[in-house]
Amino acid sequence: MKSRFAFQPRYFLFWLLYFGLVRALFLVYYLSRTSALPAGTVPRIFGHALRLDASAAAYLCLAPFLLFVVGSLAGARFGLARGLRGLTMVLVALVALLTVADLALYGPWGFRLDATPLQYLRTPGEAAASASPGLLGLLLGLWLALLGVGWGLYKGVVGRIPALPAGFSRGRAALAGLLYLALLVVPLRGGLQQIPINQSDVYFSSVPFANHAALNVPWNVLNSLFLQNSTRNPYQFLPDTAAARLTASLYPAANATGPDTVRLLRPGLQKPNVLFIILESFTGKLVGHLGGEPGITPTLDSLSRTGVAFHNVFAAGDRSQKGLVALLSGYPNQPATSIIKYPRKTEQLPHLARVLRAQGYSTAYYHGGELAFANMKSYLVTAGYQRFTERADFRTQDQNAKWGAHDHVLFNRLQQELPDQPAPFFVTAFTLSSHEPFDVPMRARFRGTDEASRFRNSVYYTDHVLGQFLQKARQQPWWANTLVVLVADHGHPQPGNSPNHDPAKFRIPLLLTGGALAPAAQGREVLTYGSQTDVAATLLHQLNLPATTFPWSRDLLAPTPPTWPGGAAFYSFTDGFGVATPPA
C-alpha cells in the first residue's frame, strides 16, 4: 500500500523535475545571456523558481489525480494505468510545445511566453513565415526530444501503479487519493501565506534575464489567459490621429526640463535626498486642510502651513498597485485592467528610482506588508531599487497587523536605517495600517464600530505615528538636505460611501516638507488641478532633471496648458473613467 499511496507524490515530483529540465534547456539555449549573469545567479534561479514550478505542477496534477481517484474506485477494469499514461503524454506534449514556442520568441520579444501569441493563431502561415526553415527544424527536434525526455522521466520517477493489496477496499484507496487531491490547494496558491503566488515571487535579481528565467512558462500562459478579457478596446471613441492631437494639447510641456516652474528648494542645494512616503487610502475627505473632516490628520494639516500643500490632486485609480505605477512611473490607469499585472510591460515603464539611480542616488523601498501583493514586487525590482524591506524582514512579534507590520513599526525601522542610507538617497516607504480591516494598535480616537469610524481611527493613527517620525527626523543630520514627499496611493469610498465615479473619492493629499525646502516656499498652496501621474515631472523639475521619459506627467508648478486652464486630472475605475477640472 505504501507504493500505491506514494504514486501521487511521485507524479507531482515528476512535473517538478521536468520543469527543472525545461529551465535548464532555456538557460542553455540562451547560453550567452546565462554566461553573463553574476556568479552564483544560476542556482538562485532554480531556487526562486521552485514555488511557481510547484504551482504549475499542481495545476497539471488536478486531472490525473482526479482520474486516479475514479480509477481506484472503479477497479482494475477501468484501465487506470493506460489512461494516466495517455493523459500525461498529452500534457507533456502541450508543455513541450509551449517550451519550444517560448525558446523561439523570447529572443526577439524579450519576455516569456504568455497569451499574446494566441492572436496569431488565426494566421498560422504568416506566423510560421517569420521563422527560418532551420529554426523550425531545430524547434521540431527539441519538441520531440522533450517528448522523449518526458516519457523517460515518467517511467523512471512515476513508473507502474501497484495493485491494491489483498483486503484493501477500493473506497479506502479512493479516499487516500482524494486526500492528495485536496492537498494540491497548498502548492496551487504557492503556500499558506495570505496572498496567492504570482510572478513577483520569482523576481529576485536586478538582471531581467535572471527573473525571466525563473518564470514558469505554462503558469505564465495560464495566468495571462485568465487576465486577458478582450483584444477590442471598448474606450476608442476617436480615431487615433484625433486622439493623439487632443492628448498632445493636454501635455504640451511633457518633455520640457521645467524652466518656468516655481522653485521650492533652497538655492544652491545639489542632489537633495528624497524621502517619498505613500499613505494608504488617505482620502481628502478626512484631511482637514483639503476641506475634509477636521481633527483626523493634524500632522498633515500642520505641514500644510509649514510646507507646500497641493489642494487639487486626484488619484489615478482606486487600487494600491495602480497608484504605485501612477506615482512612480507617471503612468495613467486603465478602466478594465492594471498594467502591473504584466511584468513584461512594466519593465518598459519609466521609473523615478531608475532615473535617480542614474544620477548617483542610492535607493531603498520599505513596506510592512508582502511586496508580492498584486504583483508589485516584479514592478519594483525592475525599477532599480537596491534594497527592499518587507513583511518577512520584520521580527515575528512586529508583524502585528493582518497585512504585516503596523505603521509605527515601519517608521521606527525607517528612523533607524536612514542615517546609514548613502546620500543622496531616494527612499520610498508605503504605509498599510489604514487599509481594511482598519485594525490599529491604539485606543480609538473616534467613537463607533462601523466601517467609517474604524477608517477614521486608522487614518488618525497613521497620521499620528507619521508626526512622531517627522519630529524625530528633524533632529537627524540628513534632514537638512532632504525633501519629503507625502502622498496617498488612492482615495476611499468612506466616509459617505462615495460612488465609484465621484471625484471626491479620488481627491487625495500631496504635501512637500523637509529641510530642503526654501524658507520662501513654506506655507505655499498650489491650487492647480492635477493627477498622481503629475508627481514625477513635478519632482524631477525641482531636482533640475528632465522628465522626458514621463510623457503622461505634467509639472504642477509650471503654467497649465491653454486647453484646460487651471489643470485637469484624469482618473479611472472599473469600466469607467472621469476628468476633474476646476469649477467653471
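Q: How many salt bridges does the structure hold?
A: In this predicted model, the structure holds 13 salt bridges. Let's walk through some of them together.

Q: How should I read one of these pairs, say Asp102 and Arg112?
A: Start with the distance, and then ask where each partner sits. The general idea is that a side-chain nitrogen of Lys or Arg has to come within 4 Å of a carboxyl oxygen of Asp or Glu. Here the side chains of Asp102 and Arg112 meet at 2.8 Å, N to O.

Q: Are Asp102 and Arg112 buried or exposed?
A: The cut-off to keep in mind is that buried means under 20% relative accessible area. Asp102 has 2%, so it is buried. Arg112 counts as buried too, at 6% relative accessibility.

Q: Which residue forms a salt bridge with Lys377, and where do the two lie?
A: The partner is Glu390, and the closest N and O atoms are 3.5 Å apart. This pair links distant parts of the chain, 13 residues apart: Lys377 is in helix H17 (residues 376-383), and Glu390 is in the loop between strand S4 (388-389) and helix H18 (407-417). With a relative accessibility of 16%, Glu390 counts as buried.

Q: What separates Arg413 and Glu417 along helix H18?
A: They are four residues apart in that helix, which means about one helical turn lies between them. Their side chains meet in a salt bridge at 2.5 Å, N to O. Both Arg413 and Glu417 are buried.

Q: Which residues are linked in a network of salt bridges?
A: Asp318, Arg319 and Lys505 are linked in this way.

Q: What about a buried charge that has no salt bridge, such as Asp301?
A: For a case like that, look up the nearest side chain of opposite charge. For Asp301 that is Arg305, 6.1 Å away. Asp301 is found in helix H13 (residues 298-306). Leaving aside neighbours within four places in sequence, Asp301 is in contact with Val287, Gly288 and His289.

Q: How do I read a residue such as Ala248, and is it buried or partly exposed?
A: Check its relative accessible area: at 47%, Ala248 is partly exposed. Ala248 lies in helix H12 (residues 240-250). For a sense of distance, the C-alpha atoms of Ala248 and Leu80 are separated by 64 Å, and the two residues are 168 residues apart along the chain.

Definitions and conventions
Residues numbered from 1 in each chain as written. Predicted model: local features only at pLDDT ≥ 70, side-chain atom pairs only at ≥ 80, totals over all residues. Heavy atoms only, no water. Buried < 20%, exposed > 50% of the residue type's maximum accessible area, 1.4 Å probe, protein only. Lys, Arg positive; Asp, Glu negative; His and termini not counted. Contact = heavy atoms within 4.5 Å.
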